[in-house]
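Take a walk through this model, helix by helix and then out to its cores, its ligand and its loops.

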Amino acid sequence: MNSVERARGLIREAQEVFRGDAATHRQLSDCLDRLDEPLRVALAGSLKAGKSTLLNALVGQDIAPTDATECTRVVTWYRRGATARVTAVYDGDRTTDIPVLRPNGRLTFDFGGLTADRVDRLDVTWPARTLRSFTIIDTPGTASLSTDVSALTVDMLTPQDGESGADAVVYLLRSLTNTDTAFLARIGEAIGRESGPLGVVGVVSRADEIGAGRMDAMMSAGEVAARFAGELERTGLCQAVVPVAGLVALGARTLREVEYRALVELAGVHPDELTTAMLSADRFAAPTTGLPVDAALRAVLLDRFGMFGIRLAVTLIRLGVSDSPSLAAELVQRSGLSELREVIDVQFGQRADQLKTHTALLSLLRIIGGAGRSGAAGVIATEVDRMLADVHGFTELRLLGRLRSGALRLPEESLAEMTRIIGGFGIEPTLRLGLDPDATPAQIRSAAIEAVQGWREWAAHPLLDRTTALACTAAARSAEGILADRPHP
Ligand SMILES: Nc1nc2c(ncn2[C@@H]2O[C@H](COP(=O)(O)OP(=O)(O)OP(=O)(O)O)[C@@H](O)[C@H]2O)c(=O)[nH]1
Ligand SMILES: [Mg+2]
């Protein structure tokens with residue numbers, strides 16, 4: 001029986017035990033239902049880190065207000081629905097529809113007479129494809145651990161009841177501050193229960209602004225932010241770190257023909273002249289620059305792509321990109337969004353069941369009152385604790401975070417191999433074993449046997465410290481898992 005089914009079974013058993021307690025029974029039903037819903041991914045991070053912009057870029061549509069005052073202070077849930085609709089839950093249990101406005105083309109949610117401090121949550125349903133696989137939760141920026149709004153985000157990520165909470169987190173930051181490290185550690189503790197975070201991906205956000213001025217437009221965001229990403233990886237708090245320029249990505253995914261034509265016109269300007277006109281944003285948007293594109297449209301470009309995005313687009317057009325879909329694709333690739341989507345798929349999408357099971361087990365423990373309970377509930381709680389410690393997928397996720405932190409004493413090559421075998425690049429057996437996708441069952445089997453033996457030998461190495469030896473044992477177990485899943489030839 002796989003771990004989802006085991007978790008379902010335990011929740012049902014708990015329902016039996018709490019048959020007579022309507023409130024607990026309902027919480028347990030919610031817990032069960034959640035296993036069939038899309039994975040809940042929260043976007044968290046410091047103030048103005050670019051969370052809402054990144055959400056829009058991931059969805060490929062403008063659905064989350066950016067820079068707006070009231071709505072950015074409220075936790076907002078984006079779910080898939082047939083129609084676009086925004087509902088505020090306020091004053092405890094009251095709800096009201098919130099109009100969506102676009103003054104000057106900028107999306108805002110009109111709170112009317114409501115103020116952010118009265119609103120517990122905004123629920124947005126939207127007909128967007130990405131939301132089929134993920135429910136995305138946009139959280140208010142965290143300034144420090146002590147402010148009210150930060151507390152809202154912490155509560156959301158580390159829920160006290162069975163209702164809310166995220167299964168995975170994308171944490172955005174522009175520089176690694178103590179607040180960020182403390183916050184990440186806190187999330188890690190809560191989500192992974194002291195043994196390390198489950199499902200946390202770091203994003204070095206607004207990557208186009210890092211090293212601004214010095215930047216060569218053809219450099220990918222990755223190159224610019226790689227050093228910083230390395231620092232974040234060494235904290236061991238995230239499974240992967242990706243630099244992303246969300247603004248460029250969003251602009252690209254929603255590129256309009258009129259914008260494309262304006263960029264083509266700019267690309268036709270003599271390079272020296274354009275470089276001078278683009279020395280600063282003010283200069284670029286000024287009414288009199290002698291540039292072919294009118295000032296209003298230049299301001300729009302600046303707002304939608306930023307200076308880096310415009311420079312990058314112009315360079316790409318000069319290099320021969322000759323239609324708007326190709327330009328959009330190149331920009332998305334270079335913004336880091338493609339890589340982030342891949343990482344989200346590998347770390348969250350492919351492991352959705354495991355992440356959801358993990359959240360469900362923690363909720364179950366909270367609902368039934370933990371292992372201190374006696375009787376039938378105590379037996380269930382003990383079994384939940386055992387599952388949390390034993391489910392190998394959980395171990396793999398915790399280990400993925402630590403692999404890049406330098407905590408394991410293994411050669412670089414073996415670390416890369418360990419990342420692969422525990423599913424760091426995808427959970428398909430061929431990916432784990434580094435084989436061709438069309439490898440035969442016999443090839444998979446023999447490679448898996450070899451991997452089991454190799455990692456067991458490492459684990460038994462007398463000079464290895466305990467942490468590293470345990471990690472090698474975990475890698476051997478991952479390889480055994482591949483063997484266990486396939487019938488003997
Ligand atoms: N240059 C650049 N600007 C960005 C990028 N992402 C966001 N911004 C700008 O940064 C500002 C804040 O962006 P938001 O997406 O609202 O950031 P947020 O983290 O949601 O902000 P709060 O919710 O208020 O904490 C806006 O002016 C965005 O246009 C980016 O990748 N590059
Ligand atoms: Mg925001």
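Helix α16 covers residues 375-390, 16 residues in total. From its first C-alpha to its last it reaches 23 Å, close to the 22 Å expected at 1.5 Å a residue. That expected span is 1.5 Å times one less than the number of residues in the helix. Helices here are DSSP runs of H or I with at least four residues, strands are runs of E with at least two, and both are numbered from the N terminus.

This is a predicted model, in which local features need pLDDT of at least 70, side-chain atom pairs count only at pLDDT 80 or more, and totals for chains, interfaces and linings use all residues. Residues are numbered from 1 along each chain as its sequence is written, while chains are lettered from A and ligands numbered from 1 in the order in which they are written.

Which residues of α16 are buried? They are Ala377, Ile380, Ala381 and Val384. Because they cover an arc of only 100° around the axis, they sit on the same side of α16. The arc is taken over the directions from the helix axis to the C-beta atoms. A residue is buried if 20 or more other C-beta atoms lie within 10 Å of its own, exposed if 12 or fewer, and partly exposed in between, with C-beta atoms placed from the backbone. An α-helix has 3.6 residues a turn, so residues three or four places apart point the same way. The buried residues of α16 pack against α1 (3-17) and α15 (352-368). On the other side of α16, Gly375, Thr382, Arg386, Ala389 and Asp390 are exposed.

Next, α18. This helix spans residues 412-421, and its buried residues are Glu417, Met418 and Ile421. Their arc of only 105° around the axis puts them on the same side of α18. What covers them includes α17 (392-403), α19 (429-433), α20 (441-459) and α21 (466-484). After α18 comes glycine 423, with a positive phi near 95°.

Arginine 432 lies in α19. It has 26 C-beta neighbours inside 10 Å, so it counts as buried. Leaving aside neighbours within four places in sequence, arginine 432 is in contact with Arg420, Ile421, Gly423, Ile427, Ser478 and Ile482. Contact means C-beta atoms, placed from the backbone, within 7 Å of each other. Arginine 432 and methionine 418 are 14 residues apart along the chain, and their C-alpha atoms are separated by 8.9 Å.

Now the cores. A nonpolar core is a set of buried Ala, Val, Leu, Ile, Met, Phe, Trp, Tyr and Cys residues joined through C-beta atoms within 7 Å. The largest has 88 residues, and those with the most contacts inside it are Val41, Tyr171, Val203 and Ala313. Helix α12 (residues 295-318) gives this core its largest share, 10 residues. A second, separate core has 21 residues, among them Leu399, Ile421, Ala448 and Ile482. Tyrosine 171 touches Ala44, Gly45, Leu184, Val200, Gly202, Val203 and Cys238, not counting residues up to four places away in sequence.

How many residues surround ligand 1? There are 19, and the closest are Gly50, Thr53, Thr66, Gly141 and Leu247. The shell takes residues whose C-beta atom, placed from the backbone, lies within 6 Å of the ligand. Helix α3 gives the most, with 3 residues. By class, the shell has 5 nonpolar, 8 polar and 6 charged residues. Here Ala, Val, Leu, Ile, Met, Phe, Trp, Tyr, Cys and Pro count as nonpolar, Asp, Glu, Lys and Arg as charged, and the others, Gly among them, as polar.

Leucine 250 is found in α8. With 30 C-beta neighbours inside 10 Å, leucine 250 counts as buried. Beyond four places in sequence, leucine 250 is in contact with Thr53, Asn56 and Ala57.

Two loop residues close the walk. Most residues other than glycine have a negative phi. Lysine 48, in the loop between β1 (39-45) and α3, has a positive phi near 55°. Its 16 C-beta neighbours inside 10 Å make lysine 48 partly exposed. Arginine 206, in the loop between β10 (200-204) and α7 (221-234), has a positive phi of about 50°. With 26 C-beta neighbours inside 10 Å, arginine 206 counts as buried.

Terms used
Two residues are in contact if their C-beta atoms, placed from the backbone, lie within 7 Å.
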